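Work through the following exercises with the structure in view, and try each task before you read its solution.

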Amino acid sequence: MKELDYEFFEQYKKLDKLCQDMYSSREGLSYYIKRMKDNGYLGVKIINGWLDKYYRLKHLRYVRNRIAHDNYSYDFSKVEDLDDVINFYERILRQEDPLCLLNNFNEKNKKSSKNLYRSGVKANRVNKIIGKLPIFFKIISVFLVIFYVILISYILLHH
């Protein structure tokens with residue numbers, strides 16, 4: 001293994017261990033990548049460079065796997081790969097990584113929506129009530145509304 005590959009591999013293990021500890025998952029960085037994939041729809045809309053970071057992490061994992069499983073004598077990693085692993089580790093520690101930023105955004109939205117509700121902007125109460133009912137009651141309520149519309153129409157037409 002070349003010196004650059006060795007240094008990359010050691011830094012990757014450090015990053016992987018941090019992810020394992022953060023998420024209580026033995027998968028480490030692979031779990032982080034999976035969570036980015038699962039949250040990709042919102043992440044792409046909210047976090048600048050989400051896809052670039054996602055694909056870069058996948059590339060770093062690929063380089064790590066090549067170093068770990070291939071026995072060739074040439075370099076797999078580049079200086080940029082080593083820099084990216086170190087920088088991503090530091091971003092996680094500073095809570096500036098994509099998943100942390102997305103989580104912070106979601107927390108702010110929860111608080112702001114609660115504040116809007118408290119300040120007088122209220123959601124449609126009917127939708128809130130209907131949303132909590134089982135499907136059986138929803139169907140019955142639709143039939144009752146239709147029945148009352150027909151009944152009122154009949155009464156108005158015949159009087």
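**Exercise 1.** In which helix do Phe8 and Tyr12 both lie, and how many residues apart are they?

This is a predicted model, in which local features need pLDDT of at least 70, side-chain atom pairs count only at pLDDT 80 or more, and totals for chains, interfaces and linings use all residues. Residues are numbered from 1 along each chain as its sequence is written, and side-chain values use heavy atoms, with hydrogens and water left out.

Step 1: Both residues, Phe8 and Tyr12, belong to helix 1 (residues 3–23), where they are four residues apart, about one turn of the helix; helices are DSSP runs of H or I with at least four residues, numbered from the N terminus.

Step 2: An α-helix has 3.6 residues a turn, so residues three or four places apart point the same way.

**Exercise 2.** Describe the aromatic pair that Phe8 and Tyr12 form.

Step 1: Rings of Phe, Tyr and Trp (its six-membered ring) pair if their centres lie within 6.5 Å, and planes under 30 degrees apart count as stacked, over 60 as edge-to-face and the rest as tilted.

Step 2: For Phe8 and Tyr12 the centres are 6.1 Å apart and the planes make 35 degrees, which is a tilted pair.

**Exercise 3.** Which residues of helix 2 are buried, and which are exposed on the other side?

Step 1: Buried means under 20% relative accessible area, exposed over 50%, and partly exposed in between (1.4 Å probe, protein chains only).

Step 2: In helix 2 (residues 29–38), Leu29, Tyr32, Ile33 and Met36 are buried, whereas Lys37 and Asp38, on the other side, are exposed.

Note on methods. Helix = DSSP H or I, 4+ residues; strand = E, 2+ residues; numbered from the N terminus.
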